[in-house]
Amino acid sequence: QWEGRGGSPPTTLDGVPALEEALLPSLEALVVGFHKYVSAPGRETAVDDFARSLGPGFLRPAVVGLMRALKAKGWTVAVVSASPRQLVMAVLKHGGLLGNDGPVDVVIGAEPAVLGAGAQPLVDDGAAHPAFSGKVRRLRAAFGGRDPALVMGDSYGDAPMLAAARGCAVVVLNRDGPLEELAQSQGWVVQRPGEGW
């Protein structure tokens, strides 16, 4: 899957900034495109319709259970995603994780903002895009400069956030590969979805 991307995926944290630099413009363009699509006339329910179509099985049951258990113990639960915040909130709402008795307290996601008539949409009104190192900056901004005690992630975009965890970092692998090598080199817990996840 890395052919045509100019090399192989990083297996140490030193390689992650170059990957971030290469991918961030594409992530920001996707967010802007999403915003333009769902803002068009006649698409008022597009986000909710899509979130509903994913169904409750889209969210990993063990992660949902962990979020509920942490919330019950008084933890503040945050979800950080490079995806559009509006979409993340809709998915969490339809999964019963946001609102009323949902365990999620904070949702950090990409938010395009239009800066005046005819201006190009920018991501997050100048704030860090919540991908790669931007996830760490956005978490610190939301929590008074503190790093998270527990972090779970499943992609290279989560590596800087996993490295910033004060306590435990858990990588949920979708498949074997270089992300597992990176996790092992950093001493992060590795969990596979087939193992009760």
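User: Which side chains meet aspartate 49 or arginine 52 in a salt bridge?
Analyst: Aspartate 49 and arginine 52 meet each other in a salt bridge, at 3.3 Å from N to O, where a salt bridge is a side-chain nitrogen of Lys or Arg within 4 Å of a carboxyl oxygen of Asp or Glu. This is a predicted model, in which local features need pLDDT of at least 70, side-chain atom pairs count only at pLDDT 80 or more, and totals for chains, interfaces and linings use all residues. Residues are numbered from 1 along each chain as its sequence is written, and side-chain values use heavy atoms, with hydrogens and water left out.

User: Where do aspartate 49 and arginine 52 lie?
Analyst: Both are in helix H2 (residues 46–54), 3 residues apart, which is about one turn of the helix; helices (H or I, at least four residues) and strands (E, at least two) are DSSP runs, numbered from the N terminus. Aspartate 49 is partly exposed at 37% relative accessibility, and arginine 52 is partly exposed at 48%, given that buried means under 20% relative accessible area, exposed over 50%, and partly exposed in between (1.4 Å probe, protein chains only).

User: How many salt bridges are there by that rule?
Analyst: The count comes to 7 salt bridges. Among them is the pair of aspartate 105 and lysine 71, whose closest N and O atoms are 2.4 Å apart. Aspartate 105 lies in the loop between helix H4 (85–94) and strand S2 (106–110), while lysine 71 is in helix H3, so this pair ties together parts that are 34 residues apart in sequence. Another salt bridge joins arginine 140 to aspartate 147, with 2.5 Å between the closest N and O atoms.

User: OK, on to H3: which of its residues are buried?
Analyst: Val63, Val64, Met67 and Leu70 are buried in H3. Looking down the axis of H3, these buried residues fall within an arc of 130° (taken from the directions from the helix axis to the C-beta atoms), so they line one face of the helix.

User: And what covers the buried residues of H3?
Analyst: The cover includes strand S1 (78–84) and strand S5 (150–153). On the face of H3 turned away from its buried side are the exposed residues Pro61 and Ala72.

User: What about its span, and what comes just after H3?
Analyst: H3 (residues 61–72) has 12 residues and reaches 16 Å from its first C-alpha to its last, close to the 16 Å expected at 1.5 Å a residue, the expected span being 1.5 Å times one less than the number of residues. Just after H3, glycine 74 takes a positive phi of about 95°.

Technical notes:
Contact = heavy atoms within 4.5 Å.
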